[in-house]
Amino acid sequence: MSSILNRVNVRILGLALLAMMFPALAQDEVSAKAWLENMSQALHEKEYKISVIQLQAEHISPLVYIHGKVDAKEVAFLEYLNGPPQSAVRVDNTVSFIEYKQAPYSVNAKRIPGVLPAGFAGDISRLESGYQFVLGGRSRLAGRPSQLVRLIPKDDFRFGYQIWLDMETALPLRYDLMTKDKQLLEQLLVVELLVLDKAPAILIEAKKQEWPAVVVQAQSTKKTQWDFSWLPQGFRVQTNDQHRLMGNNETVEYIALSDGLANISVYISKVGDSPLPEGLVTRNGLGLSAEVVGNVEVVAVGKVPTETLTRIAKSVVIK
Amino acid sequence: MDKLGQEWVSAAVDGEVDNNTLAELANDIDSHEKWRDYQIIGDAMRNELPSVLNIDLSMSIAEAIAQEPCHHMADVKTEQIDRNVSAANQSSKQQSKVVPLFKQFGQYAIAASVALVVVVSVDNYNQSNTVDTSPLSVLNTRPLVGSVSPVSLQTGSMQQSSASASKNDQVADQRLRINAYIQDHQLQQRLNSDMNIDDNSQTEAIQSQ
C-alpha cells in the first residue's frame with residue numbers, strides 16, 4: 001500500500017517538475033521574441049535621447065540620437081559629434097542628410113541609417129528565418145538594468161547580434177555584431193538614456209523646417225535577366241535597377257538582397273580590365289567578393305562572411 | 001537650402017537656435033574650410049594619422065563628383081522633361097514634391113559624403129601561383145568623413161603581371177573599382193532603406209518591370 005502511494009507521489013512530483021519546466025522553456029522562447037518586439041515598438045513609440053559610442057574596428061564615433069513625436073508624426077535627429085559636421089533628420093518617412101561641404105538632400109526612409117540596424121525597428125518575425133532568438137542574462141548598462149537577447153544565426157552565412165535592452169523601456173542600450181568566432185565587428189554602446197515625457201524643442205524645430213524635396217530613383221524599365229540559383233535562408237531580393245557607379249562611371253545591374261538585418265548588394269557588369277580580389281574584408285565586417293561568371297563579372301558587397309558573398313556571386317544565373 | 005547647415009544643427013543641439021545666430025553662422029563659409037585642416041592637425045598631434053596620408057585623393061574625388069554639373073539636384077530640375085520622369089513619377093504617386101534625380105543609367109549625385117573608403121596601398125600580392133601563404137595584407141584606407149579604417153585584403157589567386165608598370169596601373173584601377181563598389185553599397189543603404197522587407201516573393205521583385 002505504501003509503495004503504491006510512493007509511486008503515485010513520485011509520479012505527481014515528476015509531473016509537477018515537468019509542468020514547472022516546460023512552461024518555463026516555452027516562456028523563454030516567447031519572451032526573447034517578445035523582448036525584441038517590445039524593442040521594435042519602443043523605437044517607434046517612445047520619446048528619448050540617447051548618447052552613443054559607436055565602435056567599428058578601431059574607429060570610434062560618438063553620436064546623439066533623439067526621437068519623439070510631433071503632431072503625431074515620428075521625428076528623429078542624429079548627429080555625429082566628432083569630425084566634420086554630419087547629421088540627419090527624419091520627419092515621418094523622409095530622411096534628410098545634412099553634411100559637410102554638401103547640399104542637404106532627402107530620401108524616403110523609415111529609419112535614419114547608420115545608428116541601429118533597420119531590422120531592429122521592423123517586423124521581428126521577418127528575422128526568424130535567419131536567426132534564433134535566445135534570452136541571455138541581465139546586466140547594468142548606462143546605469144540601468146538591462147536584459148540580453150541574442151540573435152544567433154541559424155547558419156554560417158551571416159553574423160550574429162547581441163542586444164541589451166533597457167528593462168524599463170525595452171530600448172536598446174548596447175549591441176554587438178560578431179563573427180561566428182565571437183570576434184567583435186561592430187558595437188554600439190549607449191552611455192546615457194534620457195526618457196522624455198514630451199518631444200524636445202529641437203524636434204519641434206526640425207518638424208517646422210522645410211527640408212529638401214525627396215530625390216527619387218527612376219524605375220528601371222529594363223527587365224533584368226539575372227536570377228539566383230541559390231540564396232541563404234531568409235535572404236530575399238529587395239529591389240533591382242541599373243545605374244552607374246560613382247568614381248569610375250561603370251554601368252552595373254544592381255540587385256539588393258536582405259534577410260532583414262544583413263544587406264547585400266550584388267553588381268553585375270562586363271568583366272573589368274583589372275581583376276578584383278576574390279575576397280576582401282574590412283575590419284568592421286563589410287566584405288567584397290568578385291566572381292567572373294561567363295562573360296560578366298559579379299561583385300557582391302555586404303556585412304556578411306566573404307564565403308557567403310562568394311557563394312552568392314557564383315549563384316548568379318541567366319533566367 | 002545651403003544655409004540649412006551644420007551650424008543650425010549644433011546650435012539647435014545646444015538649445016541656442018535663434019534667427020540671428022543662425023544667419024550669422026550660416027554665412028561663415030570660411031570656417032567650413034578650416035574644419036578639415038583642424039581635424040588633420042588634431043590627428044597628427046594625437047599621432048593618429050595613417051601611415052600614408054592621401055588627403056588630396058579623397059578630396060579630389062569628392063570635388064570631381066561635386067563639380068559634375070549635370071548631376072546636381074538644381075540642374076536636374078531642368079531635365080524634368082526627360083522621358084524617364086514619367087516613370088519616376090509613376091513610382092511615387094503620393095509624392096507631389098519630388099525631384100527626379102536619377103535617370104535610368106543615371107549617376108548618383110549625392111554620395112560624396114557616404115563613407116568613401118580610399119584604398120591607399122595594396123601590397124603583398126602573391127608572387128607565384130602557389131597556395132596563398134601570405135597573411136592578410138592590410139590596406140590603409142581613409143574615409144572622406146571620419147577617421148581611418150584599415151582594410152584587410154585576402155589575396156586570392158591574383159593574376160601575375162611581369163611588367164611592374166602595368167601592374168601598378170592595374171593596382172590603381174583595382175583600388176578605384178573596389179572603392180566604387182563599396183561606396184555604392186553604402187549609398188544604397190540610404191536609398192533603399194525604404195524597400196518593403198516584408199515582400200514574400202523572392203523572384204517577383206526581379207521580374208517586375
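**Salt bridge stops**

Select D155(A) and R158(A): their side chains meet in a salt bridge, 2.6 Å from N to O. Keep in mind that this is a predicted model.

Now check burial. D155(A) counts as buried, at 18% relative accessibility, because the cut-off for buried is under 20%. R158(A) is buried too, at 4%.

Colour the loops next. D259(A) sits in the loop between strand 15 (251–258) and strand 16 (263–270) of chain A. R158(A) sits in the loop between strand 8 (144–153) and strand 9 (160–166) of chain A. The pair therefore ties together parts that are 101 residues apart in sequence. D259(A) counts as buried, at 1% relative accessibility.

Next, show both chains. Which residue of chain A pairs with R177(B)? Select E297(A): the closest N and O atoms of this salt bridge are 2.4 Å apart. The pair crosses between chains. R177(B) lies in helix 7 (residues 164–191) of chain B, and E297(A) in strand 19 (residues 296–302) of chain A. Is R177(B) buried or exposed? R177(B) is buried, with a relative accessible area of 3%. E297(A) counts as buried at 3% as well.

For the last stop, select K33(A), E37(A) and E128(A). Salt bridges with shared partners join these residues into one network.

Then zoom out. Over all chains, the count comes to 15 salt bridges.

Notes
Residues are numbered from 1 along each chain as its sequence is written. Chains are lettered from A and ligands numbered from 1 in the order in which they are written. This is a predicted model: local features need pLDDT of at least 70, side-chain atom pairs count only at pLDDT 80 or more; totals for chains, interfaces and linings use all residues. Side-chain values use heavy atoms; hydrogens and water are left out. A salt bridge is a side-chain nitrogen of Lys or Arg within 4 Å of a carboxyl oxygen of Asp or Glu. Buried means under 20% relative accessible area, exposed over 50%, partly exposed in between (1.4 Å probe, protein chains only). Helices (H or I, at least four residues) and strands (E, at least two) are DSSP runs, numbered from the N terminus.
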